[in-house]
Amino acid sequence: MLAQTHIKQQLDALRHDRTLGFVRLRVACEVNSFLGWLNAQPLYPRIYWHARGEERPEYVALGRIHELTDPAHIARVCANTQASQVDSPRYFGGLAFDPDQPPQGENPWQGFGPCRFVLPRIELVRRGECVSLCLNLWFDEHNREAELAAGHQALAALVPEAPLPPLTPQQWRRRDNPDKPEWQQLVSTVTAPDFQTHTPKVVLSRESRLEGADVNPWSLLARWAERAEQCFRFGFQFEPDHGFIACSPERLYRREGRHLFSEALAGTIRRSGDEALDARLAAELLSDSKNRLENRLVHTDILHRLAPLAHDITLTEPRILKLRLLQHLKCDIEAELHPDVCDWQLLAALHPTPAVGGAPRESALAFIRTQEPYDRGWYAGACGMLSRETSECSVAIRSARIDPGAVTLFAGAGIVAGSEPAAEWAELDNKIANVLSLLG
């Protein structure tokens with residue numbers, strides 16, 4: 001690749017440079033399919049991130065300079081991103097839904113952990129029509145030769161993009177956890193009047209394991225993304241045999257300097273494909289007391305948690321977010337952050353939101369920890385990119401874990417007073433229907 005030759009020349013020029021700290025080298029290159037390029041590379045971790053909105057930059061991150069695997073150390077990410085260099089490091093990664101919960105028994109999320117944010121060695125970045133290949137380095141007083149050698153090694157490992165393997169129909173056996181009788185019991189418990197007096201909302205979830213399905217995670221994500229225009233698209237493959245991908249409609253937050261964007265996304269109804277019927281369904285969703293309550297609990301909690309961190313907080317009226325098969329109630333939130341507020345404080349305050357946990361947070365999480373029969377891991381976690389200029393995290397719903405010989409799909413539903421087990425179970429099925437249809 002000509003781009004590799006040019007960036008190696010820049011790398012060699014640093015041999016006698018005394019610059020310390022973070023350095024990013026970049027050259028223009030030509031890549032058509034970011035996911036095809038990513039899948040061809042031998043370096044791990046392999047990470048893909050494309051925020052909601054086609055105008056947003058698209059990223060592939062490969063390898064690592066270092067990483068953080070303890071939620072308490074996210075503050076260090078923020079300290080590093082505040083450095084005074086022209087280029088600031090970008091960390092890609094995520095937090096589990098419940099980082100404080102220790103794994104129970106066999107851990108299907110081995111390698112992901114409660115927290116994993118990676119400063120990659122290699123980045124591929126698309127902004128509009130411009131594509132750049134980047135090499136990241138971090139020099140201290142003693143590691144210059146080692147960093148230069150690591151940079152050369154990473155560049156030498158890169159190979160050209162290649163077509164993704166085709167996504168072929170799969171033969172699989174589905175196993176839901178909880179199953180339908182267990183689900184009915186959980187919903188009945190949460191909607192009982194005595195429970196509602198102290199915990200008015202719990203988001204219950206289900207994993208649907210498709211045993212026998214054997215797919216390439218990036219091939220599945222590429223096809224899924226074609227049907228997810230209003231969504232964040234991202235994926236993590238920390239080791240060859242396990243991946244986690246998502247096409248999520250939900251933003252946790254976006255920070256541009258001191259300006260913050262967040263949202264309350266809660267309340268769901270189907271789409272039919274018929275424009276007139278969809279309009280009637282949207283009107284039904286906007287007027288439905290149960291769904292309005294679910295959304296109100298979410299945005300009230302977010303506003304309460306932002307209050308100590310920000311000023312000039314605004315909230316819009318609920319509107320309809322239309323996806324391919326579903327419609328959601330969505331309220332937009334904006335605020336100006338106080339000067340001393342960093343990303344680790346935003347993550348601690350906002351994650352998990354009542355849209356995926358419940359309200360009040362502590363009692364809803366306590367119920368989920370003791371009553372849900374599986375480990376959510378990174379499902380409904382906070383995944384994204386942290387940097388000095390801009391940080392953005394999505395809530396990892398509409399997601400799938402890819403393991404050898406199995407694909408596990410996840411879906412949740414907000415349970416409040418008036419929720420009916422059968423209707424909520426059908427909502428879970430609607431939320432995984434998109435990706436199920438891709439697997440045959």
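Reader: Does Trp-109 count as buried or exposed, and at what relative accessibility?

Author: Before the answer, a word on the source: this is a predicted model, in which local features need pLDDT of at least 70 and side-chain atom pairs count only at pLDDT 80 or more, while totals for chains, interfaces and linings use all residues. Residues are numbered from 1 along each chain as its sequence is written, and side-chain values use heavy atoms, with hydrogens and water left out. Buried means under 20% relative accessible area, exposed over 50%, and partly exposed in between, with a 1.4 Å probe and protein chains only. Trp-109 has 3% relative accessibility, so it counts as buried.

Reader: How many aromatic pairs does the structure hold?

Author: Rings of Phe, Tyr and Trp (its six-membered ring) pair if their centres lie within 6.5 Å, and planes under 30 degrees apart count as stacked, over 60 as edge-to-face and the rest as tilted. The structure holds 18 such pairs. In one of them, the ring centres of Trp-109 and Phe-244 are 5.4 Å apart with the planes at 70 degrees, so this pair is edge-to-face. Trp-109 lies in the loop between strand E5 (91-95) and strand E6 (115-119), whereas Phe-244 is in strand E12, so the pair ties together parts that are 135 residues apart in sequence. Strands (E, at least two residues) and helices (H or I, at least four) are DSSP runs, numbered from the N terminus. Phe-244 counts as buried because its relative accessibility is 0%. One aromatic cluster includes Trp-109 and Phe-244, and among its other members are Trp-49, Phe-238 and Phe-410.

Reader: Over which ring does the charged end of Arg-401 sit?

Author: A charge sits over a ring if NZ of Lys or CZ of Arg is within 6 Å of the ring centre and within 35 degrees of the ring normal. The charged end of Arg-401 sits over the ring of Trp-109, 4.8 Å from its centre. The charged end of Arg-116, in turn, sits over the ring of Phe-238, 4.2 Å from its centre.

Reader: Which residues of E21 point one way, and which the other way?

Author: In a regular strand the side chains alternate between the two faces of the sheet. From E21, Ser-399, Arg-401 and Asp-403 point one way and Ala-400 and Ile-402 the other way, and all are buried. E21 itself covers residues 399-403.

Reader: Which strand is joined to E21 by four bridges?

Author: Two strands pair if DSSP finds at least two bridges between them. Strand E12 (residues 242-248) is joined to E21 by four bridges, the two running antiparallel, and Gly-243 stands opposite Ile-402 in E21. Strand E22 (residues 406-415) is also antiparallel to E21 and joined to it by four bridges, with Ile-402 opposite Val-407 in E22. The hairpin of E21 and E22 has two residues between the strands, and in it Gly-405 takes a positive phi near 75 degrees.

Reader: What value does phi of Asp-312 take?

Author: Most residues other than glycine have a negative phi, and most peptide bonds are trans. Phi of Asp-312 is near 50 degrees, a positive value in a residue other than glycine. Asp-312 lies in strand E15 (residues 310-315) and is exposed, with a relative accessible area of 57%. Arg-398 also has a positive phi, of about 50 degrees, but it lies in the loop between strand E20 (390-395) and E21 and counts as buried at 12% relative accessibility.

Reader: Which residues does a cis peptide bond join, with omega about -10 degrees?

Author: That cis bond joins His-351 and Pro-352. Another cis peptide bond runs from Tyr-44 to Pro-45, with omega near -5 degrees, and Pro-45 lies in the loop between helix H2 (34-40) and strand E2 (46-50).

Reader: How many disulfides does a search of the whole structure find?

Author: A disulfide is a covalent bond between the sulfur atoms of two cysteines. The cut-off used here is a pair of cysteine sulfur atoms within 2.5 Å, and the search of the whole structure finds zero. For Cys-331, the nearest cysteine sulfur, that of Cys-231, is 18 Å away. For Cys-393, the nearest is that of Cys-383, 7.8 Å away, and Cys-393 is buried, with a relative accessible area of 0%.
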